[in-house]
Amino acid sequence: MPYTLIPITRTYLNGSTPRTGTVRLQLVGPMSNGGEIASREPLVATLNSQGKITLSVRATNDPGTVPASGGCYEVTETLSGLATVTYFIEAPYDGGPIDLATAPRLGQAIPPAVMFQPVNQKNLPNGYAGLDGSGRIPHDHLPTDIGSGGGGGSATPISGDDTDIQPLGSRAAGSSGKAADARHVHPTPPLHQLQPPTASVNAGGQRLVNLHDGVEPTDAATVGQIGQSVLGWINVKDKAYGAKGDGSTNDTTAIQAAIDACPPGGVVYLPQGRYRTSAPLVVPPTITVRGAHASMTGGPDLADPMAFLQPLTTFTGTAMIVFKSQSAGGYAAVSAEQRIENLMLDGSTLDGTKPVDGIYAEGNVQHVRLSNVTISRMSNNGVITGGVSNAFPYAWRLTNVLVDNCRGSGIVFTRMTDLTMIDCQATGCWNRGIVLSNVANSQVVGCRAEWNGSHGFHITGAWGNGTGSGGMLLASCSTDRNGGDGVRVDATGSTPVSVTNLVTRRDGRNNGGGGGSYAGLAVVGATVPVIGNTVTCYPGSDDDGSGANSPQYGVRLSGSSNVQLDNLYLHAAQQGLYNDGTNQSVTVGSLVTTVTGPTTAAVRTVRSSGDWVNARAAGAVGDGVTNDAPALQAAVNALAAAGGGTLYLPAGRYVLNAALTWASGVNLVGSGDRASILQSTNGNLDAITGTDISNVTIERVQLSGPGRGAGSAVRFTRFSAPATANITLRDVLIQSFGGDGVFMHALASSVLHRVRVRTCNGVGFHLQAPQDTILGGSSTSLTACSVEGCVVGGYWLDGMVYSSISSCAAQGMPFGYRLDSCRAVSVTGSGAEQCVTGLIVYGGNGAAVTGFYTEASDGTSVWLTNATSGVFLGGIVENLPGSGAVTCLKTDAGTFATAVGLIASKPNALNGTVNLLGQGDGSVTLAGRTVVPTAGTGARMGTATLVGGTVTVNTTAIQAGSVVMLTTQTPGGTVGALYVSARTAGTSFTISSNSSSDTSTVGWRILDQS
């Protein structure tokens, strides 16, 4: 049957001036006509030049339509000069035009159960009686004639005058002497007030017996007494509790009363409405609080019908709903089995000055269930738990929980053992989305974190390593446009964290700027093993195209103990898979694709099984006995023939009876320098060697030699190529080789990071620039490296330019550092201990040495020689020189340097040209001119007045061999000859005159040999 279209009109004026704007009509609830469901697409009309709107809405003309199929319309007026107004009107029934100015308005949307129908007798839809708010049928809704009773007798008229209404179950007689007959109707109370029958009910085959009496247990009057002991439901709007849900009344007391009255295992029901609260609602064990509907759109005005709690602006307390522990709540048993279902918590009325959480639990609160719950715009966190006396909530289950736009974090669980989260989402929270701190033995499945201010998922905290500890599973989850990392793992402990089927997108927004070292998946400082399988990352900007392309990395690994990854597709702005080399063990499988660049111009690098070779799969044994050199060499050759790749060395000791001849583009990656060991047994051969090598990374391995011969651990030389370029050694331990630890010829654009060399017979690091090319070795850095006990020396840079040594250490060698004919090479924040000479600068120019520390040197701390020039020394400290130490700073003839902040224990031998500021004895020498301090405890010149022909001068500058020059400044008394009569080195000296009556003022100056 077709719908009838009813015209809707109205003219809007401001005095006599037409207004401008729009009017929107939205059908609320379902409406059917002959079985056809009406569309609920909103209708919008724009005011014309006369300020008038005209549009048509659907109306039913099916007189057989039952009340549940009706509807009403929500009208929203957005007009010039006026605030937006929303109200409701009845859905019209097959009538003429409706003027919105005169149409009756409803107080609120009518639920579908009582939608409007064709009006008939007694002004009722089709003559059907409707339930009032308490579930009763008003008498004036009944027709004057009930009609034929079908087996119950003939019709009996009922009128208001002769109706004798008695309480349900009462045996009191009405005017006819009967408690309930056809003329005497019982009012029906709310369901929860009904009581069960006192005896079994006989249905009599088809109908109940004694319909007219209502005085026996089997009568119809007592059959209705089905009570809360059966259904266990309490409606907060029942008169016994009186909640209004009207958006203005404070319903806190009413709802809490209903919760407190609910029997164990019962349900407190909130029908559709906006329930305002002023204090937390405390839900005791086994009680379910269930609403009519929770909007999953994240806002209370975006969908209907709904039941939601909303705090008043006068709200006091830390959370809208609280679960208390047994002791805090005074419960007889453990606090458990609280449930919140189909309910929304809307904190949009909170301005942020009061930090209010949505749901909070503290202490041992077990087996809580949150299902179909929306928590929106809280001024603090959405859901959060805490501990009391080392007891924490346990074994919660969350299903279809949405936390939206909270000022804190979305969901925060701490030490929540046996947690299960399924299909939950945190969106737009100002801090983190979902925080999981030590949630042992837990599963998070199918959850989402989007547009949060910081990390989407944050797996953190101390997870422990005991038998009671446990890991967790993050499966089939996704992230999008979070400000920090999509998923960040920085948990400590030894329990494994498994991340599988993870989809990350556009994370690392970083306030629109991108960068920040953020990633789709970041494992940073984690000591828990992290296993990642099937992880994708896709970059992007904001929905409107603004903001930087992010994240910077697809997966970022830093400072973590054990990471295993496989089946990856990682597209990021800068680098798909980033390992900064600070991790102890990283295993990356063969099925990896990394992508960089914008999504419109992606550059893909696919790692197949052909360019990632496991040494064991290539035939190496790693048992410490078998000669693995042939198998490893074959693997290197195969990778080189394929265009490059990575040889992965699992934990083990791989014996090398021959040198491995390396190839450009082939990397060597182990499981850690204590786990993956290449053991060279031929002292006359290098362990790894190559000529004209470039683009090679060696990391997380140990190279161990036989302690004899002339072989080096790594030796790369240049023959015809411009340079040995782009070489990276990281997290490598080298020990016991007969030659050098690392020898690199013509090294350029390379990095040596955290490489340790011990007890080699040559030099620890020998970087030699070629003598037959103008390129030389350049642009190379040594950072956080160390050399110990090598026979020749520590760091020897020969002819290098534009390079640096920083945060490095040398111990127990003839020299710590040597720069031969280098240009613009710096040594920063480094030191040498127990070395004969700490640092030698031999020729060259432009060397800068800052923050250099020597201890227990047995010769010279810093030696400048062979006409080196332009050397800057800053913050050079000599401490506890050895018994053989001669000088702190030695500069040979022809050298030129500037020293600032020199602290010397031994004297300096300055034969070159030196600008010296603070040379340890307090003087300042500038280009050969000396300025001597005259004040302070270390003064080297000054005046003193004789008393009785003598005076003592206190200064720490005086030494046993110091020369003191004396002169009479102002004669006094009988002037005599002046001399130094006594001295105490480092403390004072005494000036005397051969005239005991000499009272002259004497000038003095201390000179020391330098």
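Strands here are DSSP E runs of at least two residues, and helices are H or I runs of at least four, both numbered from the N terminus; two strands pair if DSSP finds at least two bridges between them. Within this pair, Ala 361 stands opposite Thr 385 of strand 26.

The model is predicted: local features need pLDDT of at least 70, side-chain atom pairs count only at pLDDT 80 or more, and totals for chains, interfaces and linings use all residues. Residues are numbered from 1 along each chain as its sequence is written, and side-chain values use heavy atoms, without hydrogens and water.

The pair belongs to an open sheet of 11 strands with parallel pairing, in the order 17-20-23-26-28-31-34-37-39-41-43. Strand 17 (281–282) and strand 43 (575–579) are at the edges with a single partner strand each, so one side of each has no neighbour in the sheet.

I turn now to the backbone. Ser 389, in the loop between strand 26 and strand 27 (397–404), is a non-glycine residue with a positive phi, near 50°. Ser 389 counts as exposed at 74% relative accessibility (exposed is over 50%, buried under 20%, partly exposed in between, with a 1.4 Å probe and protein chains only). Thr 534, in strand 40, also is not a glycine and has a positive phi of about 60°; its relative accessibility of 30% makes Thr 534 partly exposed.

Finally, the peptide bond from Ser 550 to Pro 551 is cis, with omega near 10°. Pro 551 lies in the loop between strand 40 (530–538) and strand 41 (553–558).
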